Every structure is written in structure tokens, then in C-alpha cells.
Amino acid sequence: MHVQVVNFNLKDMTGVEFRSMANEVAPAFASVPGLLGKIWLADAGTNTYGGVYIWQDAAAMQAYLGSDLGKGVTGNPNFANLTSRDFEMLSGPTGSSGGPVAASLMATARVAS
């Protein structure tokens with residue numbers, strides 16, 4: 001399982017406009033192959049927005065980045081200073097850390113593999 005963290009600053013777009021746009025496009029992410037979930041992020045105080053994507057594997061993430069939807073995010077002129085980082089999920093400590101989120105991630109990882 002892989003986790004991708006994307007951050008950017010808004011340029012020529014307000015936080016309210018971003019939230020409206022996010023609500024409109026969010027359903028498109030539900031059908032992305034290999035995307036197990038996306039958490040939308042906003043820190044209006046620092047003008048930092050983005051998302052945490054949970055991927056079945058690195059190949060699914062790479063396929064998304066090459067898709068029209070992925071290119072729409074990375075090429076959006078309203079997203080300045082965009083960064084994208086990919087992390088491998090460490091199954092052992094994630095499973096041992098407990099709680100409902102860890103349990104859900106571990107169950108999803110077992111189903112996805």
C-alpha cells in the first residue's frame with residue numbers, strides 16, 4: 001500500500017472557491033482504479049491545501065498521475081508550489097498501533113493484495 005501526500009498554495013483562487021471546486025470534482029476520484037481513499041486538506045491560515053491519497057500500490061498511483069484527472073491536478077494553474085510525495089505504508093507498525101483507522105487500513109491492505 002502507498003500513501004501520497006500532495007500540497008499546494010492557491011493562486012488566483014479563494015479558499016471558498018477551492019472548496020466549491022473540490023465538492024464538484026470529488027466524485028470523480030471514487031472511480032480511480034487502485035485509489036482506496038482520498039482525504040482533502042485545507043489550512044487557510046497558511047494558504048496550504050492538498051490531499052492524502054491511499055493507493056493499493058505504486059503502479060496505481062503512477063497510472064493516476066498519467067491520467068487526465070491526475071494531469072488536471074498537477075497542471076492546475078490555480079495550484080502553485082505543488083509538491084507530491086509517495087510513501088510506502090509500513091504494515092507491521094501500522095497494524096500494531098491500533099485504533100479503527102489502523103484496523104481499516106490493514107483490512108483494506110489484505111483485500112487489495
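How many residues does helix α1 have, and how far does α1 reach from its first C-alpha to its last? Helix α1, residues 15-29, has 15 residues and reaches 20 Å, close to the 21 Å expected at 1.5 Å a residue. The model is predicted. In this model α1 lies across β1, β2, β3 and β4, and these strands form an open sheet with the order β2-β3-β1-β4. The points below cover the helix, the sheet, strand β3 and two residues of β1.

**Helix α1**

- At Asn23 the helix α1 bends by about 35 degrees, and a proline, Pro27, follows within four residues.
- Phe18, Ala22 and Phe29 are the buried residues of α1.
- An α-helix has 3.6 residues a turn, so residues three or four places apart point the same way.
- The cover over the buried residues of α1 includes the strands β1 (2-10), β2 (35-43), β3 (48-55) and β4 (79-88), together with the helices α2 (58-65) and α3 (68-74).
- Relative to β2, α1 runs at about 175 degrees.

**The sheet**

- The open sheet has four strands, and their pairing is antiparallel.
- β2 and β4 stand at the edges with a single partner strand each, so one side of each is left without a neighbour in the sheet.
- On average, neighbouring strands of this sheet are turned by 15 degrees against each other, direction ignored.
- Strands of a sheet pair through backbone hydrogen bonds, either parallel or antiparallel.

**Strand β3 and its partners**

- Because seven of the eight residues of β3 are buried, β3 is largely enclosed by the rest of the structure.
- On one pairing, β2 and β3 are joined in the antiparallel sense over eight bridges.
- Within β3, Ile54 is the bridge partner of Gly37, and Val52 is the bridge partner of Ile39.
- The hairpin of β2 and β3 has four residues between the strands, and Asn47 in this hairpin takes a positive phi near 55 degrees.
- β3 is also joined to β1, by seven bridges, and these two strands run antiparallel.
- Gly51 in β3 stands opposite Val6.

**Gln4 in strand β1**

- Gln4 belongs to strand β1 and has a relative accessible area of 1%.
- Gln4 is therefore buried, as its value falls under the 20% cut-off.
- The Gln4 side chain makes a polar contact with the side chain of Ser84 at 2.8 Å and another with the side chain of Trp55 at 3.0 Å.
- Leaving aside neighbours within four places in sequence, Gln4 is in contact with residues including Gly51, Val52, Tyr53 and Trp55.
- Met61, Tyr64, Leu65, Ser84, Arg85 and Asp86 are also among the residues in contact with Gln4, with neighbours within four places in sequence again left aside.

**Val5 in strand β1**

- Val5 also lies in strand β1, but Val5 is partly exposed, with a relative accessible area of 24%.
- The value for Val5 lies between the 20% and 50% cut-offs, which is why Val5 counts as partly exposed.
- Val5 and Gly50 are 45 residues apart in sequence, while their C-alpha atoms are 7.6 Å apart in space.
- With neighbours within four places in sequence left aside, Val5 is in contact with Gly51, Thr83, Ser84, Arg85 and Phe87.

Note on methods:
Residues numbered from 1 in each chain as written. Predicted model: local features only at pLDDT ≥ 70, side-chain atom pairs only at ≥ 80, totals over all residues. Heavy atoms only, no water. Expected span 1.5 Å × (residues − 1). Bend = angle between axes of the 7 residues up to and from the residue. Buried < 20%, exposed > 50% of the residue type's maximum accessible area, 1.4 Å probe, protein only. Contact = heavy atoms within 4.5 Å. Polar contact = N/O pair within 3.5 Å; in protein donor to acceptor, adjacent residues only side chain to side chain. Pairing = 2+ DSSP bridges. Axes fitted to C-alpha atoms, helices over the stretch in contact; angles between N-to-C directions.
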